[in-house]
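Have the sequence and the 3D view ready, and follow along.

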Amino acid sequence: MPDDVDVVRIFDTTLRDGEQAPGIALTRAEKVEIAEQLAQLGVDVIEAGFAISSEGEFEAVREIATSVRGPVIASLARVTPGDIDRAAEALKGAERWRIHTFISTSDIHMQDMLRMSNNQVLNAIREGVELAVSYTDDVEFSAQDATRTELGFLLECFKVAVDAGATTINVPDTVGYAMPHEFGELVRTVREAVPDRVVISTHCHNDLGLAVANSLAGIVNGARQVEVAVNGIGERAGNCSLEEIAMIVRTRGQALGVRHGLNIREIVRTSRLVSMTTGYSVQPNKSVVGSSAFAHESGIHQHGVLSNRATYEIMDPLEIGLEGNRLVLGKHSGRHAFADALQKIGIELDQEHLNRAFARFKELADRKIQLTDQDLAAIVAEELGSAEQDLLVLESVVVGGGTHLQPRATVHLRKGDETIEESAMGDGLIDAAMGAIQRAAAVEARLVSFNVSSVTGGSDALGDVVVQLDVEGRRVTGRGVATDVVEASARAYLAAINRALQVSSAEGEKITP
Ligand code: KIV
Ligand code: ZN
């Protein structure tokens with residue numbers, strides 16, 4: 001591809017819009033780990049969060065801004081002074097940073113949500129963008145619900161934002177309502193209405209399954225930034241999927257006349273990390289990163305691929321980092337080999353997390369002969385997801401029961417110097433173990449979702465359990481990995497409770513845009 005083709009910037013919002021998906025609540029360590037991986041992948045912009053939304057979110061944006069190098073780091077902010085000041089405060093340690101400010105512009109949002117007139121919205125945009133520009137010359141303005149906004153007014157909003165100094169104008173299809181031909185035309189109209197130096201961006205939601213198609217229509221019509229999330233996660237049905245748009249541009253860039261600067265070998269690793277930390281699994285037939293995306297079932301296809309891969313494959317799985325599941329370590333491996341193996345799969349941990357992950361690795365390696373790179377990634381995901389300081393630690397879980405004997409579980413939890421023992425009966429072994437933990441932790445918890453998978457294939461695979469709980473009105477997730485599925489479930493359940501206990505003592509309610 002010639003060097004002079006246009007570049008489409010990749011703006012990743014996994015940590016902001018992605019984290020707004022129901023039930024996702026990442027810890028600070030998980031957010032930093034994901035941001036570092038996004039930098040490896042080579043995204044142009046990382047939207048690290050919505051700094052004003054909570055104390056924890058502010059700290060996460062600040063840590064990413066100060067520690068992650070490469071991409072521009074952005075924070076979302078409404079067009080109000082408090083939001084913009086807070087975003088600037090969180091971002092100021094970054095090498096390069098952007099304030100992404102927004103307000104709704106459709107009649108329905110302005111009348112029924114904001115209770116603001118057109119003039120009030122225009123003034124708020126002017127003042128907000130001017131304030132943002134006083135902090136940084138990289139300012140993005142988004143007109144929320146742009147696709148349901150009266151066109152004349154939308155263009156007026158964008159003109160005010162550009163005159164006030166915005167350098168990127170974003171056209172969100174907030175409710176996923178647009179169709180590709182309509183969205184493409186809207187982007188072209190906006191492109192023609194604003195000066196060439198201003199970048200036009202898309203932000204498409206997937207309510208009708210059109211987020212990728214709409215983003216592509218935006219590119220074809222002049223957008224040079226696309227807002228995406230890894231695995232397409234986000235509010236409701238999610239956002240435009242990073243890996244799909246990345247591989248469309250990579251595979252069909254000639255036809256589109258554009259390219260991006262992503263290091264696509266990191267795509268699979270990024271997708272797995274986000275899936276493991278959020279607990280959102282990837283559907284098997286998802287394009288590019290689904291487990292069946294490169295599986296050939298029919299004999300004719302298998303025969304074709306064996307003689308020439310290109311007969312039925314338009315992308316090379318090795319090019320996106322899809323390698324076999326390598327056996328890497330066993331119980332005799334030391335800390336150094338462990339850190340080294342993690343580094344080879346792109347995971348670097350601070351000393352504290354490394355120590356904790358190594359201790360878990362040793363426990364598991366004692367029971368499972370050899371661990372693969374996927375096992376290691378799952379162990380790390382469990383450790384990163386555990387509360388920064390676990391209040392309750394699982395010492396043991398013992399279960400009994402069967403077809404004619406009601407299942408019963410006894411757990412021992414350590415809380416500081418004290419050991420708490422509790423037992424419970426349940427509908428099954430897992431239910432009994434969770435009941436016993438709930439009693440020992442003395443909290444009201446309701447199981448919202450339970451997801452069990454095996455990290456690798458085979459009967460000796462590690463069980464990987466992700467639960468979502470409602471703990472006294474707060475949604476939290478927890479992950480547990482173990483050689484036994486009851487223990488993995490107990491660990492996941494307790495991790496969620498620990499997270500709820502920690503979050504409720506550290507911060508109040510989080511605001512979402
Ligand atoms: O969907 C949306 O409109 C958003 C904005 C805040 C950009 O997420
Ligand atoms: Zn959105």
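## The ligand and its shell

Start with His203: a side-chain N or O atom of His203 sits 3.1 Å from an oxygen atom of ligand 1. For Arg16, the distance from a side-chain N or O atom to an oxygen of ligand 1 is 3.0 Å. The protein covers 98% of the 260 Å² of accessible area that ligand 1 has on its own (Shrake-Rupley method, 1.4 Å probe).

Who else is around? The residues surrounding ligand 1, each with a heavy atom within 4 Å of it, include Asp17, His100, Phe102, Ser142 and Gln144. Strand E5 (97-104) and strand E6 (139-144) each bring at least two residues to this shell. Strands here are DSSP runs of E with at least two residues, helices are runs of H or I with at least four, and both are numbered from the N terminus. Sorted by type, the shell has two nonpolar, six polar and two charged residues. Asp, Glu, Lys and Arg count as charged; Ala, Val, Leu, Ile, Met, Phe, Trp, Tyr, Cys and Pro as nonpolar; the others, Gly among them, as polar.

## How the model was read

This is a predicted model: local features need pLDDT of at least 70 and side-chain atom pairs pLDDT 80 or more, while totals for chains, interfaces and linings use all residues. Residues are numbered from 1 along each chain as written, chains are lettered from A and ligands numbered from 1 in the order written, and side-chain values use heavy atoms, without hydrogens and water.

Gln20 lies in the loop between strand E2 (9-12) and helix H1 (28-41).

Is Gln20 buried or exposed? Its relative accessible area is 15%, so Gln20 counts as buried (under 20%; exposed is over 50%, partly exposed in between). Beyond its neighbours within four places in sequence, Gln20 is in contact (heavy atoms within 4.5 Å) with Glu235, Thr512 and Pro513.

## Domains

An automatic or database assignment gives domain 1 (9-278), domain 2 (327-385) and domain 3 (393-503). The C-alpha centres of domain 1 and domain 2 are 35 Å apart, and nine residues of domain 1 are in contact with 13 of domain 2.

Terms used:
Buried < 20%, exposed > 50% of the residue type's maximum accessible area, 1.4 Å probe, protein only. Polar contact = N/O pair within 3.5 Å; in protein donor to acceptor, adjacent residues only side chain to side chain.
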